[in-house]
Amino acid sequence: VGWTIAALIEDVKLRHGVSLEHPWTADLYRETEAAFREGLKPVPYVADLILALEQAHIPFCVASNGAISKMHVSLGVTDLLPHFGDRLYSGHDMKRGKPFPDLFFHAARSMGVVPADCVVIEDSAAGLRAAQAAGMKALAYVANPAHTPPALSGGHPIGDMRQAPALLGLA
């Protein structure tokens, strides 16, 4: 859903009055990373988009509610990590992750970019809400744009990363 685990735990507590114990999060992170190592594949054509951004000298980063360690695993397994260097930003490092704009503001500031000049490619409603709140343009990545879930209606839907270069003015 695009939230940090801490935010999900708090949401469950507020909405349902259930207090979840935190020890299970370590198991969740470990099992997620193991699953990534066993079979995670990159989004088709995302490597081509990254190369197009690099060739056009357009700065880019990952701003995820996931932990930096999770990003290292997912981007490492998919051979994309070398493209990002230290441009990985985590909602775990913010007081408030997505759907609040704090993470996107932090990423833009760290990269020396004005938020209004940023384009976010997001696959979650929380991320799209954060992009809108930050005043950033958003592309809503969905596997099938003809069946965009209503929650992802906050961005221009794309179902294929080959669409992104034209939408970013690179093609």
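1. Let's start with Ser90. Leaving aside neighbours within four places in sequence, Ser90 is in contact with Ser64, Asn65, Gly66, Ala67, Ile68, Met71 and Leu103. Contact here means heavy atoms within 4.5 Å. Ser90 sits in strand 2 (residues 88–90), and with a relative accessible area of 2% it is buried. Buried means under 20% relative accessible area, exposed means over 50%, and partly exposed is in between, using a 1.4 Å probe and protein chains only.

2. A quick word on what you're looking at. This is a predicted model, where local features need pLDDT of at least 70 and side-chain atom pairs count only at pLDDT 80 or more, while totals for chains, interfaces and linings use all residues. Residues are numbered from 1 along each chain as its sequence is written, and side-chain values use heavy atoms, with hydrogens and water left out.

3. Now the overall layout. The protein chain has 7 helices and 5 strands, in the order α-α-α-β-α-β-α-β-α-β-β-α from the N terminus on. Both kinds of element are DSSP runs numbered from the N terminus: helices are H or I with at least four residues, strands are E with at least two. Of the 171 residues, 36% count as buried. Take the contacts between residues at least 6 apart in sequence: 53% of these join residues at least 24 apart. The chain exposes about 9,800 Å², with carbon and sulfur atoms supplying 58% of that; the areas come from the Shrake-Rupley method with a 1.4 Å probe, and for residues only the protein chains shown count as cover.

4. Helix 5 (residues 102–111) is worth a look. Leu103, Phe104, Ala107 and Ala108 are buried there. They cover an arc of only 130° around the axis, which puts them on the same side of helix 5; the arc is that of the directions from the helix axis to the C-beta atoms. As a reminder, an α-helix has 3.6 residues a turn, so residues three or four places apart point the same way. What covers these buried residues includes strand 1 (62–64), strand 2, strand 3 (119–122) and helix 6 (125–134). Just after helix 5, Gly112 takes a positive phi of about 70°.

5. A disulfide is a pair of cysteine sulfur atoms within 2.5 Å, and a search of the whole structure finds 0 of them. Cys61 is partly exposed at a relative accessible area of 27%, whereas Cys118 is buried at 14%.

6. Last, the aromatics. The structure holds 1 aromatic pair: the rings of Phe60 and Phe84 have centres 5.3 Å apart and planes at 85°, so the pair is edge-to-face. Rings of Phe, Tyr and Trp (its six-membered ring) pair if their centres lie within 6.5 Å; planes under 30 degrees apart count as stacked, over 60 as edge-to-face and the rest as tilted. Phe60 lies in the loop between helix 3 (46–55) and strand 1, and Phe84 in the loop between helix 4 (68–77) and strand 2, so the pair ties together parts 24 residues apart in sequence. Phe60 is buried, with a relative accessible area of 11%, and Phe84 counts as buried at 5%.
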